[in-house]
Amino acid sequence: KKRLDLVAHAFSLLAQRMADIHLVIAGPDDGAGVQARQILRQADLLNRVSFTGLLSGQEKWSAFRDSNVFLLPSEDENFGVAALEAMAMGVPVLLSSHVGLADWVVKAQAGQVVQQDPSAWASAIEALLRDPTKSKAMAEAGRRLAETEFSTDRITEAMQQAYAKFI
């Protein structure tokens, strides 16, 4: 459901145009890593990809800080916590329309929704990497979105209002 195959194909296309990029695939792959590795091996790109597995604590936050863009092309993601974490760390996000957070991201201009096609993903990634002004604007918008709409205080307030309706 995370579409690692799509990421691998998109990276294969992008790597032909950008020699200095590196892909990090973080988190459990739920078995999809085998196919992604096969795609990347056939494109002779395994040396430009890191599979980290699950990251937590400082390792996770360091990975976000070191990232230029966060990808979540999932076929079914009821929210997208990792995308919110990336935005909180100032990383622009590219999402599929199947990520629950997608409408928030588009409205806040904190990232972009990309159709489920490797060439569309490669183009969207390249556009962000080649336009630091746009990337920075998206990153700042994402940080603001995370801080305002998804802060602990804001979520607590929303939950209290929801519970008040039932009391």
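The structure is a predicted model, in which local features need pLDDT of at least 70 and side-chain atom pairs count only at pLDDT 80 or more, while totals for chains, interfaces and linings use all residues. Residues are numbered from 1 along each chain as its sequence is written, and side-chain values use heavy atoms, with hydrogens and water left out.

Helices and strands are DSSP runs numbered from the N terminus (H or I over at least four residues for helices, E over at least two for strands). Two packed helices are described by the angle between their axes and the distance between the axes. For helix α1 (residues 4-17) and helix α2 (residues 33-42), the angle is about 15 degrees and the axes are 8 Å apart. Here the axes are lines fitted to C-alpha atoms over the stretch in contact, with angles running from 0 to 180 degrees between N-to-C directions. The two helices are therefore roughly parallel (angles under 35 degrees; over 145 is roughly antiparallel, 65 to 115 roughly perpendicular and the rest oblique). On the α1 side, the contact (heavy atoms within 4.5 Å) is made by L4, D5, A8, H9, F11 and S12, and α2 contributes G33, Q35, A36, I39 and L40.

Turning to the rings, the count comes to four aromatic pairs. Rings of Phe, Tyr and Trp (its six-membered ring) pair if their centres lie within 6.5 Å, and planes under 30 degrees apart count as stacked, over 60 as edge-to-face and the rest as tilted. With centres 5.8 Å apart and planes at 40 degrees, W61 and F64 form a tilted pair. Both belong to helix α3 (residues 57-65), where a spacing of three residues separates them by about one helical turn. W61 is partly exposed at 28% relative accessibility, whereas F64 is buried at 7% (buried is under 20% relative accessible area, exposed over 50% and partly exposed in between, with a 1.4 Å probe and protein chains only). Ring pairs link W61, F64 and F70 into a cluster.

Another pair, W104 with F150, is edge-to-face, at 5.0 Å centre to centre and 65 degrees between the planes. This pair links distant parts of the chain, 46 residues apart: W104 lies in helix α5, and F150 in the loop between α7 (132-149) and α8 (152-166). W104 is partly exposed at 38%, while F150 is buried at 16%.

Finally, S96 sits in the loop between β4 (93-95) and α5 (102-108). S96 is buried, with a relative accessible area of 0%. Leaving aside residues up to four places away in sequence, S96 touches L72, P73, S74, A102, V113, V114, Q116 and W121.
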